[in-house]
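Thanks, everyone. Please look at the screen.

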Amino acid sequence: MNHIDELAESYALGALDDDARHDVEQHVARCATCATRLSDAADVVASLVAAGPGATPAATLRERLLAGTRRPERLERIWGGLAAAFVLGMLVPLVSLFWIGNRDLRADHRSDVVLATLVNSHFNHVQFNEPAAEMPAKALYGRHGEWVYVIVLHPHGTLVVEGRSPDGVFRPLGSVVPQGRNGTMFAEPTEPVDALRLLSDGTVVGTAKLVTHR
Amino acid sequence: MNDEALAAAFAQRRPEALAVAYDRYAKLLYSAAYAVLQNSADAEDCVHDSLLSLWKKTRAFMPWRGNLRSFLVVCVRNAAISKKRAQVRHSRIEDVRALAAEEREPFDPFEHERLARALALLPAEQRDPLRLAYDEHLTQTQIAQQLSIPLGTVKSRISLAMKKLRDALEVHHESH
Ligand SMILES: [Zn+2]
C-alpha cells in the first residue's frame with residue numbers, strides 16, 4: 001500500500017468501512033509519516049467530540065473494566081485448556097515423544113512410566129516471554145528441571161528448544177514436532193536445566209526461566 | 001502522571017495506567033460512544049470492549065505517536081460506528097436524530113465555542129461531507145452517492161476540511 005494520504009482524515013472521522021480501516025492500521029504501524037498525519041487528524045476528532053454533548057457513564061463501568069484486566073486472558077484460557085488436555089487426553093502424542101526421550105526405558109514399563117510422570121510428578125509451567133508473542137509458547141517441566149515439555153501454538157519455521165545447563169551453556173534439547181496446529185517438544189536433559197530458549201531458524205524468538213527445586 | 005507518562009505506561013500495559021486513563025478520559029470516551037449509539041448500555045459496552053482490547057494489544061498504540069486521549073477517542077468512536085452500522089443493517093432504522101436533540105450541555109463549552117467558530121468558516125462544499133461523516137456516520141462511498149460527487153472529491157474535501165479545523169484550533173490556541 002502507498003501512503004494513506006487523505007485516508008488519514010477519513011479514518012479519524014470514522015468514514016471508512018472495516019476493510020479500508022484495517023489497511024490504514026496496517027500501514028501506520030510501519031510508516032511514521034502517516035502515523036503523524038493520523039495523529040493530527042485524531043486531535044481534531046477529539047476536539048469535535050469534546051465540543052459535542054457530554055454524557056457520564058454509570059459508576060459500575062470502571063469496576064467492570066478493571067475486573068476485565070484481572071480476568072485471565074484468552075491465551076491463558078487456551079493454556080488452561082491445554083494443561084487439562086495434557087493431563088486428561090494428550091497421552092498418545094506424549095507417549096511417543098516420551099519414548100524418543102527415554103530410549104533406555106524398558107519397553108514393558110514405558111506406559112507405566114508415562115502415566116507415573118503425569119500423575120505423580122509435580123510440574124511447573126512457564127510461558128515463553130515477549131519475543132515469542134507472535135508464536136505463543138509454554139513449557140511444562142519437572143520441578144527439578146529433569147524433564148521439559150514445550151508446547152508452541154501455531155509454530156512456523158524450524159523450531160529448536162535449547163536448555164541452559166548448570167555450567168551456564170545453552171545446549172539443544174530437541175526440535176519442535178508438529179502436532180496438528182500446534183507443536184511440541186519433550187526432552188529429558190542429561191543435566192537439569194534452569195532456562196529455556198526457543199530458536200526459529202537459528203534466531204532466539206523466546207526465552208523462559210524455570211523455577212527449579214534443587 | 002502527565003499525559004506523556006500515561007501514554008508510555010499504557011503502552012507498557014502497566015497495571016495502574018488503565019485505571020488512570022479511565023479516570024482521566026472515561027467521560028469523553030463515553031460521550032463519543034453515546035453520541036454515536038444513543039443508548040447507554042451500548043455505549044458502555046463499546047467503551048469497555050474497546051479499552052480492554054486496546055489494553056491487551058497495546059502494540060497497536062505504539063506507531064501512533066500522538067496523544068493517548070485523541071487515540072482513544074478515535075478508537076472508541078470507530079468501534080461505536082462499526083457497532084451502529086451493524087445495528088442499522090440488522091434492524092429498522094430508528095429516528096435517532098430526535099433522541100440526539102434532547103437538551104444536553106457540551107462536554108467542553110470552551111471547545112464547543114472554538115469549534116462552532118471554526119466550522120462556520122468552512123465553505124459548504126467542505127462542511128457537508130464532514131457533517132455526513134461525523135454526524136451521520138456515512139462512509140466516503142455513501143457520502144459520494146448522497147452528494148453526487150466523485151469519491152476522490154469526497155476524500156480531498158474531507159481532508160481539507162479537517163486540516164482547516166486543525167489550523168483554526170491551533171491558531172486560536174496560540175492566541176490564548
Ligand atoms: Zn505512509
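Start at A:Gln127. Its bridge partner in strand E2 of chain A is A:Lys138. Keep in mind that this is a predicted model.

Strand E1 covers residues 123–127 of chain A, and strand E2 covers residues 137–142. The two run antiparallel, joined by 5 bridges.

Now look at the faces of E1. A:Asn124 and A:Val126 sit on the covered face. A:Phe123, A:His125 and A:Gln127 sit on the uncovered one. So A:Gln127, where we began, is on the uncovered face.

Step back to the sheet. How many strands form it? There are 5, in an open sheet. The order in chain A is E1-E2-E3-E7-E6, with antiparallel pairing. Which strands are at the edges? E1 and strand E6, residues 177–179, each pair on one side only. Neighbouring strands in this sheet are turned against each other by 25 degrees on average, direction ignored.

Further along the order, take E3 and E7. Strand E3 spans residues 148–153 of chain A, and strand E7 spans 182–187. They pair in the antiparallel sense over 6 bridges. One pair to find on screen: A:Val150 has A:Met185 as its bridge partner in E7.

Buried or exposed: what about A:His27? It is buried, because its relative accessible area is 4% and the cut-off is under 20%. A:His3 has 46% relative accessibility, so it counts as partly exposed.

Last, the partner chain. 51 residues of chain A are in contact with 59 residues of chain B. The area buried between the two chains is about 5,100 Å². Carbon and sulfur atoms give 60% of that. Which three residues supply more of chain A's share than any other three? A:Leu13, A:Val49 and A:Leu65, with 13% of the area that chain A buries against chain B.

Definitions and conventions: Residues are numbered from 1 along each chain as its sequence is written. Chains are lettered from A and ligands numbered from 1 in the order in which they are written. This is a predicted model: local features need pLDDT of at least 70, side-chain atom pairs count only at pLDDT 80 or more; totals for chains, interfaces and linings use all residues. Side-chain values use heavy atoms; hydrogens and water are left out. Buried means under 20% relative accessible area, exposed over 50%, partly exposed in between (1.4 Å probe, protein chains only). Helices (H or I, at least four residues) and strands (E, at least two) are DSSP runs, numbered from the N terminus. Two strands pair if DSSP finds at least two bridges between them. Axes are lines fitted to C-alpha atoms, for helices over the stretch in contact, and angles run from 0 to 180 degrees between N-to-C directions. Contact means heavy atoms within 4.5 Å. Buried area is the accessible area (1.4 Å probe) that two parts lose on being put together, summed over both.
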